[in-house]
Each structure stands twice: as C-alpha cells, then as structure tokens.
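Here's a walk through one protein chain, meant to be read with the structure open beside you. Keep the viewer handy and click along.

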Amino acid sequence: MSETYDAIVVGAGIIGACTAYELAKRGWRTLNLDKLPAAGYGSTGASCAIIRTHYSTLDGAALAYESFFAWDDWAGYLAVPDERGLARFVKSGCLVMKTEANDHLRTICRNMAALGIPYEDWTADQIRARLPFYDLGRFGPPKRPDDPAFGEAQGGLAGGVFFPCAGYVSDPQLASHNAQRAAEAKGAAFRFNSEVTAIRRGGGRVQGVTLASGETIAAPVVVNVAGPHSAKINRMAGALQGMRITTRALKQEVAHVPFPPGFDFEREGFVTSDSDVGCYCRPEIGNHILIGSEDPPCDAREWVDPDDYDRNFSEQWQVQVQRVAQRIPSLPVSSPLKGVVDLYDVTDDWIPIYDKSDLPGFYMAVGTSGNQFKNAPVAGAMMAELILACEQGRDHDREPLQFRLEHIGRTIDVGFYSRRREINPESSFSVLG
Ligand SMILES: Cc1cc2nc3c(=O)[nH]c(=O)nc-3n(C[C@H](O)[C@H](O)[C@H](O)COP(=O)(O)OP(=O)(O)OC[C@H]3O[C@@H](n4cnc5c(N)ncnc54)[C@H](O)[C@@H]3O)c2cc1C
C-alpha cells in the first residue's frame, strides 16, 4: 500500500535533515529518503564543517551570522537530546590573512561592520604571538610545487583579520543525526538505503517519487536536497528547464596531517584562511591539522559524475600540504595520506540555490558550493517558509519571499538565491562564497 506525506525530502545530509525539522516544526508530515545507510553519510560527513561569518556578499554574511547563533546554542536549537550525544561547536575563531587577492579584506570588513559582526585587525606581530611557528612571508599568488618560484617569499604579509564568531563542528555526521532526531521528535520520518530513481509528475505538478525497489511514495511536495547529486534529481523532475544557474559536482581532497611536536594545535589553534598559499586549515582531533584547498587558479578543477569518480587521493593531497608547509616549515609533508576525498555541489557563481522550480510542488536546496554546512539551520527554516508561502499561492519568482533573520534582526530577500538569477559578480567564485 502506498504511504502519503505532505512533503518528501530527497537527501538526509545536514541541510535535508534541518529542512525536515523546520517543516515538521510547522506541522508538516515529512519523509526524508536517502540512499545511504544513515543521516550525514554523504558530502556532509566529509565536510570540514567550518562555521564562519565572513562572506563576500552582504546577504551571504547575514545568513552565516544568523546560523552562528544556532550552532552556538545547538542543544537549544534542537530542543531534544540524542542518544549518541550532541555534536560540539568548537568556537576557536578564524584568522583570514590580508592579501591582494582579497583586497586586504576591505569589502568583507565593510559587510561585517554593516551587520555588527565582531572582528579584530591583527598585525603580523600579533599573529606571531599566537602562532609562533608561522612564517609570514608573502608567497602568493599560489603556485604548484613544481613551479621554480614555489616557496620563494617576496616580502611579508601585513597581517590578518580575526573573526571570533567562528570555529568548526567536531562531527558533521553526528550533527546530521542530531537534526534527524529533532525532526523525528516533531513527527518527521526518515528512510535510509532508499534510492529515488524517478520524480513522479501528473496534473501539472509533482506527485511523489519512485524508489529503486519500484515502490512509489506519494506527496504533493518534493524537495531536492541531494547534495552533489542535485543535478541528477533536477533532471529526473524535468526541473533543469527554467534554471539560469545550474549545479555540478567538483572533486575535493582534504589532508589530515599530524601537527609538529611542541604546540597543542588542537587546543591553541584556530581556523585559518590564507589566499596567499591557497589553503584553509583547522585543528583536527588527535592534534592534527586539517588542510583544504581554496582552489587557486593554478589548480585544474575536476568536475565529475558523482556516481563515477576516483575516490583515492591524488598528487593534490601533497600539493596542499606543501603549500601550508610554506607557513609552517616544520609540517611533516611526507606523513601517511589521511583525510577525505569527496564532492562539492557547485553553482556557476558559487552561491547556493534555495528556490522553487518551474514544476509546481518541486523545490530545491542545492549548489551549496562547499560552504553551506554552517547555514543548514537557517537554510532549513528559509526553505520551510518558502515552501509554505508557495503552496499557499505566492508567486515567489515575481514577488520573492522576504525572510526574517530573528537573531540579527534583519530581513533578506530570498530571491538572492534564485535559480533564475544572473550570475552574482560580487561572489568570490570560490569555496569562500
Ligand atoms: C570536503 C568538503 C569540505 C567542506 N567544508 C565545509 C566547511 O568547512 N564549512 C561549510 O559550511 N561547508 C563545507 N562544505 C560544504 C557542506 O558540507 C555542504 O554544503 C553540506 O554538507 C551539504 O549538505 P546537504 O544536506 O545539502 O548534502 P549532502 O550531505 O551531500 O546530502 C545529500 C544526500 O542526498 C542523498 N542522495 C543523493 N541522491 C539520492 C537519491 N537518488 N536517492 C536518495 N538519496 C539521494 C545522498 O546519499 C546524501 O546523503 C564542505 C564540503 C566538502 C565536500
């Protein structure tokens, strides 16, 4: 017998779970379907889960600052315990180096000031006082290690900006499980090992889904939160038509390297973003340092089929570690290859799509471009409000929903995240958003 729900959410990553939680809070009967065995086992589980407020656009920064408050009171946001415990937000802060590439952070600091987000200007000496092992040479623009000029400093960096409302979530998979439990407490249902193979349409709108088993499940609303598989789900729904902004999967490698002896990076370290060497870092369990790429232009971008790509480390792992070794000369560059290989779901301007589609009843929270873990609680609430408004007859394309960010007392135009927008020229066109 076929089951019925008010909404089916395809995907149970952090954004899918938070979307279900927010819909369930508003009285909707939801079902999340995920082809993997548990919540957060997709790209969320591989996430560096860095929480930060600095974004190149004002709306991006506003959303991130609002979300910061949910992470800062994760137990309060969830309102229920989880038998596995709660994910921990380590509020370490984040230091961003001032470089020519980021215009010495002038635009970002203007956004911070406009939104009342705290930040501190740090001189090179202040950075050395906190990170005494740091070489503050100016090595940029980032190069491949086989470039003869690699590692040659041209003068020194002027300093950086420290953002105290930042840090990272220790276990992003657990955070997704926490959100699942919170949604279930409000009546939501989750099914795992359940692959959606078709989006059913009829009578001019979405009707539900078909699973790989052949089972059909009916619902008047289906939400695509399938991460790097988002384009495949949109194609199943025939929703690519009418989208000016599209999504595709980009391979990413993150290195985990033991921190050199003599400094407790896990306790004393913090998140860093360094466009001079093209990498971001954060402390990782076991006094390791986690190293991700800021995708400098000298590195080829590897767009892949999310169901068919090489999940092994490539030479990129070494490249990233060697880049950070310019800053931390004692870093063991030949340590065993540890870390993750996974995918970003990237849009043309690296800003997500939180929107309806041309198919009535079919919605999408996609194209999270390597930087939306942090926004999941607010993205979930924004999606819930968008779905409610559209199902009550609002034409969001003509009259975009205005969404209230309660903590920071600001309203944002959800049309900013439209699938029909022009490419946003203010974006960093990178994982930095
Ligand atoms: C290496 C890496 C580092 C990152 N670092 C950060 C960071 O530091 N800070 C930050 O804010 N963001 C970061 N991100 C981005 C962030 O992790 C993502 O934006 C976020 O996790 C996306 O969550 P999601 O729920 O949309 O997608 P996902 O977690 O990918 O979930 C999608 C789910 O859909 C399921 N699915 C797909 N197709 C189907 C189907 N046909 N049927 C059923 N289920 C299906 C998948 O199994 C998956 O579980 C990073 C991402 C990566 C890959």
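## Ground rules

This is a predicted model: local features need pLDDT of at least 70, side-chain atom pairs count only at pLDDT 80 or more, and totals for chains, interfaces and linings use all residues. Residues are numbered from 1 along each chain as its sequence is written, and side-chain values use heavy atoms, with hydrogens and water left out.

Helices (H or I, at least four residues) and strands (E, at least two) are DSSP runs, numbered from the N terminus. Two strands pair if DSSP finds at least two bridges between them.

Start with α3, residues 58-72. The expected span of a helix is 1.5 Å times one less than its number of residues. Among the buried ones are Y65, E66, F68 and W71.

Its partner α11 covers residues 376-391. With 16 residues, α11 reaches 22 Å from first C-alpha to last, close to the 22 Å expected. It is mostly covered too, with 14 of its 16 residues buried. Just after α11, G393 takes a positive phi of about 110°.

## How the two helices meet

Which way do α3 and α11 lie relative to each other? They pack at an angle of about 110°, with their axes 7 Å apart. Axes here are lines fitted to C-alpha atoms, for helices over the stretch in contact, and angles run from 0 to 180 degrees between N-to-C directions. The pair is therefore roughly perpendicular (65 to 115 degrees; under 35 would be roughly parallel, over 145 roughly antiparallel and the rest oblique).

On the α3 side, the contact (heavy atoms within 4.5 Å) uses L63, E66, S67, A70 and W71, while α11 brings P377, V378 and M382. By class, that contact has 6 nonpolar, 1 polar and 1 charged residues. For the classes, Ala, Val, Leu, Ile, Met, Phe, Trp, Tyr, Cys and Pro count as nonpolar, Asp, Glu, Lys and Arg as charged, and the others, Gly among them, as polar.

## The six-stranded sheet

Next up is an open sheet of 6 strands in the order β9-β2-β1-β13-β21-β20, with mixed pairing. The edge strands, each pairing on one side only, are β9 (189-191) and β20 (353-356). Neighbouring strands are turned by 15° against each other on average, direction ignored. Helix α1 (residues 14-25) packs on this sheet, touching β1, β2, β9, β20 and β21, and its direction makes about 170° with that of β2.

Inside the sheet, β1 (residues 7-10) runs parallel to β13 (residues 222-224), joined by 3 bridges. There, V9 stands opposite V223.

## Strand β7 and its neighbours

Now look at β7, residues 159-163, where 5 of 5 residues are buried. G159, V161 and F163 point one way, and G160 and F162 the other. On one pairing, β5 (residues 94-97) runs antiparallel to β7 over 4 bridges, with V96 partnered to V161 and M97 opposite G160. On another, β6 (residues 120-123) is also antiparallel to β7 over 4 bridges, and W122 has G160 as its bridge partner.

Strand β5 has a further link: 3 bridges join it, in parallel, to β15 (residues 271-274). C94 pairs with V271 there. In β5, C94 and V96 point one way and L95 and M97 the other, and all are buried.

A 3-stranded open sheet has the order β10-β11-β12 with antiparallel pairing. β10 (196-202) and β12 (216-218) each have a single partner strand, so one side of each is left without a neighbour in the sheet.

Finally, D397 sits in the loop between α11 and β22 (402-405). Is D397 buried or partly exposed? At 26% relative accessibility, it counts as partly exposed. Leaving aside neighbours within four places in sequence, D397 is in contact with D355, K356, R419 and R420.

How values were computed:
Buried < 20%, exposed > 50% of the residue type's maximum accessible area, 1.4 Å probe, protein only.
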